[in-house]
Amino acid sequence: MTSFALAFVISLALSGLIVRLARTGSVLGSDDDLSGVQKVHARPVPRVGGFAIALALWLVAAWVAWRGIGPAREFALILACGLPPLVTGLIEDITKKVGIKTRLLATALAGVLAFFVLGAQLREVQLPGFDWLMGFTAFSLLFTVVAMAGVANAVNIIDGFNGLAAAVVSITLLSLAYVGWQVGDALIVSMALAGVGALLGFLLWNWPRGLIFLGDGGAYFIGYLVAVLSFLLVARHRGVVSPWYPLLLFIYPVFETLFSIWRRKVVRGSSPGLPDGLHLHQLVFRRLVRWAVGRHDAASLTLRNSLTAPYLWLLSCLAAVPATLFWRQPFVLMAFVALFCIGYVWLYLRLVRFRALRFLVIRSRSGGALSRFKDGL
């Protein structure tokens, strides 16, 4: 728990410092484009929160090494392998000149490093026939790298509202810490709890007021972090932790990504890489959080933004809870993966067809609580 507390305090302080400096114009990388199809904030915001999170974790790694109280070498190697997506993402946050292909290649490079340096190697997925292919190093490498880059990109895709991506990854890391504790893996427990601490320190500035954003550097870095810890947990405890456990644990952003590719490429005939306003979290923002529709003042827009993420936190928990309970049992995990995907499509179709369930809709007449929350913003 010391790594959690230290990461929390450092991240909280660094994020606050960035917010403070941004108000004086001393921080590079503020998001001042308020007109994009995926933009829902009301004022320019620094988008280098990933720097605060990563630096907090590096300082925790240095403290662990100095005190000699944990797996310091492995801790540092995990962070070092994540430098390519972090650095390229931060450059994009500051310059707006790094394309998505470059960022994905950087994340893939992190996957290659993790495969060979850390031993984060997926050797089976508990599917007959496919596991035979996974026995070949080249195929295992390809599968591991693609999966890791896919998870990191999935986090970047859901990073569209205050508190959304950071909280979803925090939920995932808490589950990894629990399962790591169950199998006696001190590295996974220590790293996962440090990650949760760093994310929560950032979250206090990010949600609900949106004073700082993860940015591409932060989104790709925490996506890499949760992916590499998941793969390490499965690889280090092969035959004990099912590879379907991390899939169910992170099925919300992963399926969001796959569904978005299918929706753009097959249904709409457009490029999967083009941004649009039809992700599930954007539909929740438009169709469920309705109370301020038509209002564009900063307080109303910020409130609607902040009320969107809790819907998706709950959705993520619907997968994370059974994953945490049944992490040993592949067939149960497979069943929950299928149920989640069916439920996701059902909910998406309800929202896109303007048939949202009434009890989920927040309206302006819902009482004084929303007004008091808005006043606090």
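Predicted model: local features only at pLDDT ≥ 70, side-chain atom pairs only at ≥ 80, totals over all residues.
The buried residues of α1 pack against β2 (45–46), α2 (49–67) and α9. Helix α1 covers residues 2–23 and α9 covers residues 186–206.

- Which residues of α1 are buried? They are S3, A7, I10, S11, L14, S15, G16, I18 and V19.
- Against α9, α1 packs at an angle of about 30 degrees, and the two axes are 7 Å apart. Since angles under 35 degrees count as roughly parallel, that makes α1 roughly parallel to α9.
- The handedness of the α1 and α9 crossing is right-handed.
- On the α1 side, the contact uses S3, F4, A7, F8, S11, L12, S15, G16 and V19. Facing them from α9 are S190, L193, A194, V196, G197, A198, L200, G201, F202, L204 and W205.
- Sorted by class, the α1 contact with α9 comes out at 13 nonpolar, seven polar and no charged residues.

**Helix α5 and what covers it**

- Helix α5 runs over residues 100–118, which is 19 residues. From first C-alpha to last it reaches 26 Å, close to the 27 Å expected at 1.5 Å a residue.
- The buried residues in α5 are R103, A106, T107, A108, A110, G111, A114, F115 and L118.
- What covers those buried residues of α5? The cover includes α3 (72–81), α4 (83–95), α7 (137–158) and α10 (215–236).
- Just past the end of α5, G119 takes a positive phi of about 80 degrees.

**Helices α7 and α10**

- Two of the helices that cover α5 also pack on each other: α7 and α10 sit at an angle of about 135 degrees, with axes 7 Å apart.
- An angle over 145 would count as roughly antiparallel, so α7 and α10 are oblique to each other.
- Their crossing is right-handed.
- The α7 side of the contact is T144, A147, M148, V151, A152, N153, V155 and N156. The α10 side is D216, A219, Y220, I222, G223, Y224, V226, A227, V228 and F231.
- By class, the contact of α7 with α10 has 13 nonpolar, four polar and one charged residues.

**Backbone points worth a look**

- W207 and P208 are joined by a cis peptide bond, with omega about 5 degrees. P208 belongs to the loop between α9 and α10.
- K96, in the loop between α4 and α5, has a positive phi near 60 degrees despite not being a glycine. K96 is partly exposed, at 39% relative accessible area.
- F354 is another non-glycine residue with a positive phi, near 60 degrees. You'll find F354 in the loop between α15 and α16 (368–376), and at 58% relative accessibility F354 counts as exposed.

- H281 sits in helix α13 (residues 280–288). Is H281 buried or exposed? With a relative accessible area of 2%, H281 is buried.
- Setting aside neighbours within four places in sequence, H281 is in contact with I157, I158, G160, F161, L164, Y252, T308 and L312.
- T257 is part of helix α12 (residues 251–267), and T257 is buried too, at 8% relative accessible area.
- Beyond its neighbours within four places in sequence, T257 is in contact with N153, A154 and I157. I157 is also on the H281 contact list, and N153 is also part of the α7 side of the contact with α10.
- L339 lies in helix α15 (residues 330–352) and is exposed, with a relative accessible area of 56%.
- The C-alpha atoms of L339 and A319 are separated by 9.5 Å, and the two residues are 20 residues apart along the chain.

Notes. Residues numbered from 1 in each chain as written. Heavy atoms only, no water. Axes fitted to C-alpha atoms, helices over the stretch in contact; angles between N-to-C directions. Helix = DSSP H or I, 4+ residues; strand = E, 2+ residues; numbered from the N terminus. Parallel < 35°, antiparallel > 145°, perpendicular 65-115°, else oblique. Left-handed = near helix turned anticlockwise from the far one by under 90°. Contact = heavy atoms within 4.5 Å. Nonpolar A, V, L, I, M, F, W, Y, C, P; charged D, E, K, R; others polar. Buried < 20%, exposed > 50% of the residue type's maximum accessible area, 1.4 Å probe, protein only. Expected span 1.5 Å × (residues − 1).
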